[in-house]
Amino acid sequence: MVESFSKVLDFNQRVGLITGIKFGNGVKNINHSQFSDDTLLIGGESTTIARRFKSVLDKYMRFSGGLVNQLKSYIYSWNTAAQVLHNIADTFGVS
């Protein structure tokens, strides 16, 4: 299931629905990173992109039966307007 989640995120990036972060020339943008029991979603400062990430995440949870641990969930940003950051946090239900 986790591999399917990764492939859907990559597909959404290829078709331009979500973004990622570019780390250098010739390197594919990264939109997520997965660890043993954690996933890091990486995207631009946009509530639209946040909603698209959330849509993929919701579908994954519905199919896998997984849940997001809200107590371990955080939104990190830099150079982002406070209102945009607040809207992104609201999208994911994170305080």
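A residue counts as buried under 20% relative accessible area, as exposed over 50%, and as partly exposed in between (1.4 Å probe, protein chains only). The model on display is predicted, so local features need pLDDT of at least 70 and side-chain atom pairs count only at pLDDT 80 or more, while totals for chains, interfaces and linings use all residues. Residues are numbered from 1 along each chain as its sequence is written, and side-chain values use heavy atoms, with hydrogens and water left out.

Select Tyr74 and Tyr76. Both residues are exposed. Their rings form a tilted aromatic pair, 6.1 Å centre to centre with 40 degrees between the planes. Rings of Phe, Tyr and Trp (its six-membered ring) pair if their centres lie within 6.5 Å; planes under 30 degrees apart are stacked, over 60 edge-to-face, and the rest tilted. The structure holds two such pairs.

For the other pair, select Phe5 and Tyr60. The ring centres are 4.7 Å apart and the planes meet at 35 degrees, so this pair is also tilted. Phe5 is buried, with a relative accessible area of 4%. Phe5 belongs to helix α1 and Tyr60 to helix α2, so the pair ties together parts 55 residues apart in sequence. Helices are DSSP runs (H or I, at least four residues), numbered from the N terminus.

Next, select residues 2-14 (α1) and residues 47-64 (α2). Val2, Phe5, Val8, Leu9 and Asn12 of α1 meet Phe53, Val56, Leu57 and Tyr60 of α2, where contact means heavy atoms within 4.5 Å.

Note on methods: Axes are lines fitted to C-alpha atoms, for helices over the stretch in contact, and angles run from 0 to 180 degrees between N-to-C directions. Helices (H or I, at least four residues) and strands (E, at least two) are DSSP runs, numbered from the N terminus.
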